[in-house]
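Here is a friendly walk through some charged pairs and a nonpolar patch. Have the sequence and the structure open beside you as you read.

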Amino acid sequence: MGGSSAGVLVPSVSKADEMGASVTPLAVSSSETTDVAGAPAAEGETVPDGSRDGAAVEADAERDRDLLCPICMGVIKDAFLTACGHCFCYMCIVTHLNNKSDCPCCGNYLTKSHLYPNFLLNKLLKKQCVRQIAKSASPIEHLRVALKQGCEMSVKELDGLLSLLSEKKRRMEQQEAEMNMQILLDFLHSLRKKKLEELNEVQTDMQFIKDDINAVEKHRTELYRVRERYSVKLRMLFDDPIPTKLWAPTADQHNSILISNSRNSRSSLVRTGSDNLQIRSNDVTAQLNHQEHQRKDAFSGSETSSLIQSGRVIARKRKIQAQFKELQECYLQKRRLGASQSHHPKEKVDAKVREGYHVGLEDFQSILTTFTKYSRLRVIAELRHGDLFHSANIVSSIEFDCDDEYFATAGVSKRIKVFEFSTVLNQPSEVNCPVVELATRSKLSCLSWNKYSKNVIASSDYEGIVTVWDVTTRQSIMEYEEHEKRAWSVDFSRTEPSMLVSGSDDCKVGSADHKIHYFDLRNTSSPLCVFKGHWKAVSYVKFLSTNELASASTDSTLRLWDVNGTCPVRTFVGHTNEKNFVGLTVNNEYIACGSETNEVCVYHKAILTPAARHKFGSWDLDDAEDDAGLYFISAVCWKSDSPTMLAANSQGTIKVLVLAA
């Protein structure tokens with residue numbers, strides 16, 4: 001009776017299952033084969049392996065569902081049986097009965113006193129768990145379990161098993177050693193390949209350097225020869241026997257006089273001739289003395305200039321050594337690019353600009369010359385932008401007019417001030433007054449002179465209004481109120497004097513997505529290209545040339561871009577810019593910007609670090625030591641095609657700076 005009830009509750013379990021996991025599969029007779037429904041297979045009927053496997057999987061799934069707790073839908077843990085015949089996890093049914101007094105399955109009245117532990121189901125669940133582990137276990141786990149369970153084995157069988165394991169271990173060690181050797185060999189081959197590439201690159205670079213040294217030495221020899229020929233000409237000029245040259249015409253003239261006159265007046269003519277000869281001799285002596293002084297002055301002047309040139313050469317050599325790594329990379333880049341261009345048939349004609357000189361060397365010489373030509377910024381004029389009636393002195397924008405005769409400043413003082421550049425240079429800073437001053441309603445963020453008319457200037461302000469001014473009449477010509485937020489920039493077109501563009505926080509023009517959007521004005525619906533590289537907001541963008549862009553960002557970097565690509569050509573670091581507008585200006589080979597350390601930084605476009613710096617001092621001596629944290633450069637502007645620039649800071653100081661050796 002008990003056995004039949006147990007058979008009804010749970011499926012029968014084979015002895016092998018009770019052991020947990022069998023080492024070998026059990027043999028099943030044909031009479032014991034059953035189909036999915038549990039009925040014996042018909043005699044002579046073949047059951048496909050796929051059907052048998054599918055039926056077994058479905059049977060296992062059905063059995064697994066029977067072992068799930070109706071409350072948590074997980075495999076029953078610590079099974080308890082209710083008086084109504086349902087099984088639950090102990091914690092699940094106790095938690096349920098704390099809230100309700102019914103069976104979750106049938107709804108009959110149920111309390112904790114009606115719960116009974118189901119020992120048989122717990123035993124079956126443990127065996128089921130062991131079977132699941134055995135199915136997923138490796139052969140080693142099966143062997144370990146069998147040995148732990150006391151599987152009987154003879155010494156001979158054990159020796160055979162140990163021999164198999166030893167052979168397996170030896171093979172695995174052999175395979176691992178071969179794999180390690182293969183990995184090491186692959187690494188060495190890769191290293192050799194890389195070093196060969198580097199060696200070929202170094203050999204190519206060495207050949208470039210050798211060719212360029214020969215070309216430069218040849219050109220220098222030619223320059224020395226020219227200088228020697230010039231020196232010889234100078235020596236011939238200074239050492240020329242002038243008395244002989246002057247004596248010859250004098251003697252000829254005297255002889256002709258003697259021949260043409262009569263013998264009676266010979267004595268008087270001889271006296272006259274001797275007097276003339278004495279005068280000529282005195283003139284020659286004076287002229288020789290004068291030439292001797294000239295020659296001494298020339299030699300002394302050459303010595304002085306030689307000393308000056310020597311000092312400049314030393315200074316330029318020091319600058320080269322200070323920036324040697326950047327210059328080396330620049331040279332190799334230019335030289336390799338020039339060599340690659342010389343292999344193209346269309347460019348072979350221009351591959352050598354002079355005998356022995358290649359394009360890359362010519363480009364690098366130009367860069368080296370311009371880079372080492374200047375090493376500092378020298379102040380040639382200074383003035384204050386502030387006045388007695390306005391304590392706010394930040395100069396947010398400074399611009400030259402189209403002829404570089406006047407410059408205008410604007411800032412938070414709500415004033416546009418126009419100064420004459422020559423007057424600022426020639427007069428002390430205390431007496432410099434603007435020639436024109438325009439009052440505005442709001443703080444100003446940017447200025448732009450018309451590129452064709454020096455009487456027209458545009459401004460943008462903090463209220464989003466763009467105003468066009470007539471400097472002569474000091475009146476506004478036009479106001480544009482299209483922007484809904486603060487307008488940060490305005491600029492006149494360089495080709496169409498009646499057109500201008502402005503940018504604002506309302507994102508109608510511009511972007512703060514850390515990117516640069518490059519547009520064709522004939523189609524503004526989408527950018528031609530988007531340049532990605534800055535990791536903070538981009539504050540300025542300037543064209544260096546038709547194909548080159550310079551950008552500034554609050555990530556404390558400047559970047560140079562080629563409009564035909566999307567990656568930055570070069571990234572310039574050396575200034576600090578994290579939260580303020582510090583200005584950006586470009587001029588031929590140089591890029592200048594401000595810094596939040598109250599410094600102006602000038603970069604050569606081919607070198608990553610600043611070529612020159614200038615730090616602003618404080619007007620107030622008490623703040624001189626702390627001004628680095630209080631003030632910053634707020635605006636910069638180059639004078640067209642000139643090493644001269646204007647710079648202003650947040651204290652209202654404006655300086656005229658010039659690049660100097």
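At 40% relative accessibility, Glu-201 counts as partly exposed (buried is under 20% relative accessible area, exposed over 50% and partly exposed in between, with a 1.4 Å probe and protein chains only). The model is predicted, so to speak of a local feature takes pLDDT of at least 70 and side-chain atom pairs count only at pLDDT 80 or more, while totals for chains, interfaces and linings use all residues. Residues are numbered from 1 along each chain as its sequence is written, and side-chain values use heavy atoms, with hydrogens and water left out.

**Salt bridges**

Glu-201 has a salt-bridge partner, Arg-336. A salt bridge here is a side-chain nitrogen of Lys or Arg within 4 Å of a carboxyl oxygen of Asp or Glu. This pair ties together distant parts of the chain, with Glu-201 in helix α7 and Arg-336 in helix α10 (residues 324-342), 135 residues apart. Helices are DSSP runs (H or I, at least four residues), numbered from the N terminus. Arg-336 is partly exposed as well, at 32% relative accessibility.

Helix α7 (residues 155-238) also holds Glu-198 and Lys-195, which are three residues apart and therefore separated by about one helical turn. These two form a salt bridge. Glu-198 is partly exposed, with a relative accessible area of 31%, and Lys-195 is partly exposed at 46%.

Another pair joins Asp-520 to Arg-522, and Arg-522 is exposed, with a relative accessible area of 76%.

| Salt bridge | Closest N and O atoms |
|---|---|
| Glu-198 and Lys-195 | 3.3 Å |
| Glu-201 and Arg-336 | 3.8 Å |
| Asp-520 and Arg-522 | 2.8 Å |

How many salt bridges does the structure hold? There are 15. Some charged residues are linked in a network of salt bridges, made up of Asp-401, Asp-403, Glu-405 and Lys-454.

**A nonpolar patch**

The patch is formed by Leu-147, Met-153, Leu-158, Leu-162 and Leu-165, with about 420 Å² of accessible area together. Patch residues have over 30% relative accessible area and no salt bridge; nonpolar side chains (Val, Leu, Ile, Met, Phe, Trp, Tyr) are joined within 5 Å, and like charges within 9 Å. Accessible areas come from the Shrake-Rupley method with a 1.4 Å probe, and for residues only the protein chains shown count as cover. Leu-165 lies in helix α7 and is partly exposed, with a relative accessible area of 42%.

Key: Helices (H or I, at least four residues) and strands (E, at least two) are DSSP runs, numbered from the N terminus.
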